[in-house]
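Try each task yourself before reading its solution.

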Amino acid sequence: PQSSQVGPRVCSKDEKFRLLVRKNKDDKHDETIYEEVLLRIFAFYDDFEKYQKNITLVKFLNDYCKINQNPSEEWLEKREKYFTNAMQNKDFISLVKKILKTKNNSILEALFVLFIKHTYSSSIFKKTINFNLHDVNINECLKQLPKSATYSSTNVKKRFESIENLITSK
């Protein structure tokens, strides 16, 4: 049995996170948007390689939910830890705010996924996140992103690659 006190649903109630998702303090989103953004963050983090051209975002997310419909307490706690550590990292939040001038949730999701990936990966391919970006670099990167914020697998992969190249050290 899972506790309702841990996991992504609880994370979606975090007010600082909600402000990152909202365009401004007075903007009221449907309550589900926060859970949807977190669902995409964790689905992309856990199963990004499964999101292929022949799979729609809806199918990808539904499959992810089906596989994880009865998560263990450990699974929930781990994702809450990833989220909490990201939200408590002042350098990361500062970087997010600097990049998120457009308040594009697809970019927010990519930033979270890449932060978690490079913070918790034990891979030899793990990179260091550069928190001292200059506006010139950011603007240059944003120009490289797909013009559309759609979630086609091609656009998502390009968005992740561009942002990863921007925020990680070579």
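**Exercise 1: Placing Ser162**

Ser162 sits in helix α9, residues 153-167 (helices are DSSP runs of H or I, at least four residues, numbered from the N terminus). This is a predicted model, where local features need pLDDT of at least 70, side-chain atom pairs count only at pLDDT 80 or more, and totals for chains, interfaces and linings use all residues. Residues are numbered from 1 along each chain as its sequence is written, and side-chain values use heavy atoms, leaving out hydrogens and water.

Task: work out whether Ser162 is buried or exposed, and what it touches.

Step 1. The relative accessible area of Ser162 is 16%, so it is buried (buried is under 20%, exposed over 50%, partly exposed in between, with a 1.4 Å probe and protein chains only).

Step 2. Skipping residues up to four places away in sequence, Ser162 touches Cys141, Gln144 and Leu145 (contact: heavy atoms within 4.5 Å).

Step 3. Take Leu145: 17 residues from Ser162 in sequence, yet 6.5 Å away in space, C-alpha to C-alpha.

**Exercise 2: Checking the cysteines**

Terms used: Helix = DSSP H or I, 4+ residues; strand = E, 2+ residues; numbered from the N terminus.
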